[in-house]
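Please look over the sequence and the structure first.

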Amino acid sequence: MTSAVGEFWDASALRVRVETNGLQGGDAGHGGWAEVTIQFLTGDSFETPDGSHTQEIHFKVGGDAEISTLAAALEWAGAQLKDLAGARAVPVQQPSDS
């Protein structure tokens with residue numbers, strides 16, 4: 001298993017943790033998985049579909065195609081958000097990978 005953690009600071013702050021055991025040669029039955037956790041470090045929160053609030057969201061996928069598709073989708077979403085909302089220079093602190 002490998003993991004990486006990044007912290008992104010501005011008026012609010014997020015910690016993002018990515019963990020995976022990498023591509024394993026097939027679907028989830030072959031054992032490949034990836035997890036992404038996004039956590040607010042400040043008092044901010046995410047709104048859930050039912051209207052409640054949480055400071056952390058977490059999702060996990062299994063399978064090579066699912067891992068690759070998730071990575072591409074997150075990259076696309078970040079680029080779209082910058083294009084639509086306006087890019088802004090945000091300092092990034094990178095703690096040690098664990």
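## A bridge in S3

Leu14 has a bridge partner in S3: Phe40. This pairing comes from a predicted model. S2, residues 13–20, and S3 run antiparallel and are joined by seven bridges.

Phe40 also has contacts of its own.

S3 spans residues 33–40. Besides S2, to which seven bridges join it, S3 pairs with S6, residues 56–62. That pairing is antiparallel and also counts seven bridges. Within it, Glu35 stands opposite Lys60 of S6.

How much of S3 is buried? Seven of its eight residues are, so S3 is largely enclosed by the rest of the structure.

## The nonpolar core

Five residues form the largest nonpolar core. They are Val36, Ile38, Phe40, Phe46 and Leu70. S3 gives the most to this core, three residues. In soluble globular proteins, nonpolar side chains tend to be buried together.

## Asp44 in the loop

Asp44 sits in the loop between S3 and strand S4, residues 46–47. Is Asp44 buried, partly exposed or exposed? Its relative accessible area is 33%. Buried would require under 20% and exposed over 50%, so Asp44 counts as partly exposed.

The side chain of Asp44 makes a polar contact with the side chain of Thr42, at 2.9 Å. Leaving aside neighbours within four places in sequence, Asp44 is in contact with Ser12 and Gln55. Asp44 and Gln55 lie eleven residues apart in sequence. Their C-alpha atoms are 6.8 Å apart in space.

## The chain as a whole

The protein chain has one helix and seven strands. Along the sequence the order is β-β-β-β-β-β-α-β. The chain has 98 residues, and 20% of them are buried.

Take contacts between residues at least 6 apart in sequence: 46% of them join residues at least 24 apart. The accessible surface of the chain comes to about 6,500 Å². Carbon and sulfur atoms account for 57% of that surface.

Note on methods
Residues are numbered from 1 along each chain as its sequence is written. This is a predicted model: local features need pLDDT of at least 70, side-chain atom pairs count only at pLDDT 80 or more; totals for chains, interfaces and linings use all residues. Side-chain values use heavy atoms; hydrogens and water are left out. Helices (H or I, at least four residues) and strands (E, at least two) are DSSP runs, numbered from the N terminus. Buried means under 20% relative accessible area, exposed over 50%, partly exposed in between (1.4 Å probe, protein chains only). Contact means heavy atoms within 4.5 Å. Accessible areas come from the Shrake-Rupley method with a 1.4 Å probe; for residues, only the protein chains shown count as cover. A polar contact is a pair of N or O atoms within 3.5 Å; within protein, one must be able to donate a hydrogen and the other to accept it, and residues adjacent in sequence count only if both atoms are side-chain atoms. A nonpolar core is a set of buried Ala, Val, Leu, Ile, Met, Phe, Trp, Tyr and Cys residues joined through side-chain atoms within 4.5 Å. Two strands pair if DSSP finds at least two bridges between them.
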